[in-house]
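Subject: Structure for you to look at

Hello,

Here is the structure I said I would pass on. Please open it first and then read my notes below.

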Amino acid sequence: MTDQRDIFLKSEGDGFFGRNRAQLLPDKERPSTTRLIEFLRETKGPVRHVTEIGCGNGSELLKICTALECEGTGFEPSGEAVADGNRMAAELGQRMTLFRGTAEDLPLPDESSDVLLFGFCLYLVDRRLLLPAMGEAYRVLRPGGFLAIVDFDPAQQHRRAYAHHDGLWSYKQDYSRIPLATGLYSLAAKVPMSHAGDGFEADADERVALNILYKEPAPYPMWQAPGAVR
Ligand SMILES: C[S@@+](CC[C@H](N)C(=O)[O-])C[C@H]1O[C@@H](n2cnc3c(N)ncnc32)[C@H](O)[C@@H]1O
């Protein structure tokens, strides 16, 4: 079985960054990031630390750190993207640090992030590492924090051959359904959009969504039998 993670670490992370770096700029507006910032601004809880998985050069994380005056940590297989993002953060005087790494193994303490973002990353994660990646996100996010997922949102899950490297796949599905099925999160917001911008997209293969999930601080209230006497 192809180890998609190792290919991204070895070459395709840098390959993706090389092809797309002109789009990955902190002053270029992206609706999904703008909507996430708006949501977090309107929400009462403090946002001191945001983690992004598969952050590229951190162009989106930088926008969040700047808008919310918070600290950011990003993980990304591309060494070139990591170096570029750390240089940009230093130039802009922002508290953002990127590390080379992948989604299933985050060297961060338990419950240390207020927000954890999978920004167009989960569709590239090896299927055998998808649930470990979700588990790491849960471990690192504080109770009462937000898990934000920006990804494709097709009507039916499917895979397509990844255009830029033989043997790799893009796995398209509504990733919010996995953490929501655990009962450990509640859906706080779903914003339908497409690559072209805001709004619902009729073409199911072009649909994208920003899903924001709330990590319930007390997901297991004690069950009481009806009429039980203490
Ligand atoms: C479509 S790009 C998105 C980059 C950035 N989040 C953004 O929105 O601009 C997907 C990124 O995920 C990274 N990636 C691929 N596999 C990964 C994995 N297993 N863990 C973490 N990141 C991964 C790629 O190197 C790439 O930079």
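Which residue in E9 does methionine 193 stand opposite? Methionine 193 stands opposite aspartate 198. Before going further, please keep in mind that this is a predicted model.

Strand E9 covers residues 197-198, and E8 pairs with E9 in the antiparallel sense over two bridges. To get from E8 to E9, the chain passes through a hairpin of two residues.

E8 also has another partner. Strand E8, residues 185-194, pairs with strand E10, residues 207-215, and this pairing is antiparallel with nine bridges. You can check it at two places in your viewer. Tyrosine 185 is opposite lysine 215 in E10, and alanine 189 is opposite isoleucine 212 in E10. As background, the strands of a sheet pair through backbone hydrogen bonds, and the pairing can be parallel or antiparallel.

Where do E8, E9 and E10 sit in the open sheet? The sheet has eight strands, and the order E3-E2-E1-E4-E5-E10-E8-E9 places E8 between E10 and E9. Its pairing is mixed. The edges are E9 and strand E3 (96-100), each of which pairs on one side only.

Now the chain as a whole. There are six helices and 10 strands. Along the principal axes, the C-alpha atoms fill a box of roughly 65 × 40 × 35 Å.

Contacts also tell us how the chain is put together. Take the contacts between residues at least 6 apart in sequence: 72% of them join residues at least 24 apart.

Last, burial, surface and charge. Of the 230 residues, 50% are buried. The chain exposes about 11600 Å², and 53% of that area comes from carbon and sulfur atoms. How far apart are the mean positions of the positive and negative charges? The chain has 26 positive and 33 negative charges, and their mean positions are 3 Å apart.

If you want a place to begin, find methionine 193 and aspartate 198, then follow E8 across to E10.

Regards

Key:
Residues numbered from 1 in each chain as written. Predicted model: local features only at pLDDT ≥ 70, side-chain atom pairs only at ≥ 80, totals over all residues. Heavy atoms only, no water. Helix = DSSP H or I, 4+ residues; strand = E, 2+ residues; numbered from the N terminus. Buried < 20%, exposed > 50% of the residue type's maximum accessible area, 1.4 Å probe, protein only. Contact = heavy atoms within 4.5 Å. Areas by Shrake-Rupley, 256 points an atom, 1.4 Å probe, with all protein chains shown as cover. Lys, Arg positive; Asp, Glu negative; His and termini not counted. Charge placed at Lys NZ, Arg CZ, Asp CG, Glu CD. Pairing = 2+ DSSP bridges.
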